Amino acid sequence: MSNPFKEILHQEKLPTMLKEKVMNDISFIKLAIDVADLFVVKYPETVESLLKTNKKKL
Amino acid sequence: MKPSVKIDEFSDEDLVKKIVETKESVLFAELYDRYAPKVYNKCLGFAKSRVEAEDLTHDIFIKLYMKLHTFKGTSKFSTWMYSFTYNFCVNYVQRNSYKIREKVQQVESDENEVDGVDEYDIFQLKAKKLKRVLSIIDPKDKMILLLKYQDELSIKELQTVFEISESAVKMRLKRAREKVMAIYKKL
């Protein structure tokens with residue numbers, strides 16, 4: 001029995017330019033996440049560890 | 001990424017796991033290559049033009065990159081991906097088209113005329129006319145019908161996708177088939 005739902009499925013070729021556009025945006029998002037991570041998480045952690053002093057018992 | 005590891009040998013699920021861990025865009029490019037043609041052709045079923053389908057595909061993959069960590073592996077990745085795509089398209093259509101809603105409301109009053117439509121009746125429909133029916137019907141009904149009859153998901157897989165019981169899935173399918181038949185007969 002033929003399935004009309006399979007017949008209506010489009011079989012068009014995906015434009016190659018689209019990949020470039022998607023990957024550029026993904027790279028930008030990744031960069032934004034990394035920069036945010038650097039300044040919001042890593043940088044404060046570094047400063048905190050620099051300022052922390054180990055109190056030694058005399 | 002070690003050069004000795006071949007990305008194309010990864011299963012979809014392993015690939016997703018690695019992307020979530022590393023956020024590596026090279027890995028995401030592989031996932032794009034595997035799914036973009038399917039996603040694009042599914043979007044064509046919801047969009048009015050090729051340009052609109054391209055935009056939808058673009059937006060789906062951007063959202064996918066951000067939401068990939070929500071894939072918990074309870075179903076196959078392909079199943080999850082199709083549901084993700086349809087959900088995005090359904091939201092898009094509902095946001096942009098109040099006209100469709102008007103038409104559906106008009107048809108809903110006639111629903112009771114068609115009763116007990118089974119799969120055999122659905123498979124007898126003419127593809128061209130069915131395409132028109134699916135452009136009128138509520139996109140949520142369109143989604144469940146496409147998942148069942150185009151992507152051939154089992155009832156169990158549909159249960160995981162919609163997070164509802166087996167009887168609820170069957171009921172939704174039955175109602176969707178009845179709506180299709182009601183509109184089909186009117187065309």
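The following legends describe close-up views of a predicted model.

**View 1. The nonpolar core around L31(B).** The largest nonpolar core comprises 74 residues, and those with the most contacts inside it are F28(B), L31(B) and F61(B). Leaving aside its neighbours within four places in sequence, L31(B) is in contact with L15(B), V16(B), I19(B), F61(B), L64(B), L68(B) and F77(B).

**View 2. The aromatic pair of F28(B) and F61(B).** Over all chains, the structure holds 12 aromatic pairs. In the pair shown here, the ring centres of F28(B) and F61(B) are 6.3 Å apart and the planes stand at 80°, so the pair is edge-to-face. This pair links distant parts of the chain, with F28(B) in helix 2 (residues 25-44) of chain B and F61(B) in helix 3 (residues 50-67) of chain B, 33 residues apart. F28(B) is buried, at a relative accessible area of 0%, and F61(B) is likewise buried, at 0%.

**View 3. The aromatic pair of Y35(B) and F77(B).** These two residues form an edge-to-face aromatic pair, with 5.4 Å from centre to centre and 80° between the planes. Because Y35(B) lies in helix 2 of chain B and F77(B) in helix 4 (residues 77-96) of chain B, the pair ties together parts that are 42 residues apart in sequence. Y35(B) counts as buried at 3% relative accessibility, as does F77(B) at 0%. Y35(B) and F77(B) also belong to one aromatic cluster, together with F71(B), W80(B) and F84(B).

**View 4. A nonpolar surface patch on chain A.** Residues including F28(A), L31(A), V35(A), L38(A) and F39(A) make a nonpolar surface patch of about 1,200 Å². V35(A) has its place in helix 2 (residues 17-51) of chain A, and at 39% relative accessibility V35(A) counts as partly exposed.

Technical notes: Residues numbered from 1 in each chain as written. Chains lettered and ligands numbered in written order. Predicted model: local features only at pLDDT ≥ 70, side-chain atom pairs only at ≥ 80, totals over all residues. Heavy atoms only, no water. Core = buried A, V, L, I, M, F, W, Y, C linked by side-chain atoms within 4.5 Å. Buried < 20%, exposed > 50% of the residue type's maximum accessible area, 1.4 Å probe, protein only. Contact = heavy atoms within 4.5 Å. Patch = residues over 30% accessible without salt bridge, like charges linked within 9 Å, V, L, I, M, F, W, Y side chains within 5 Å. Areas by Shrake-Rupley, 256 points an atom, 1.4 Å probe, with all protein chains shown as cover. Salt bridge = Lys/Arg side-chain N within 4 Å of Asp/Glu carboxyl O. Helix = DSSP H or I, 4+ residues; strand = E, 2+ residues; numbered from the N terminus. Phe/Tyr/Trp six-rings, centres within 6.5 Å; stacked < 30°, edge-to-face > 60°.
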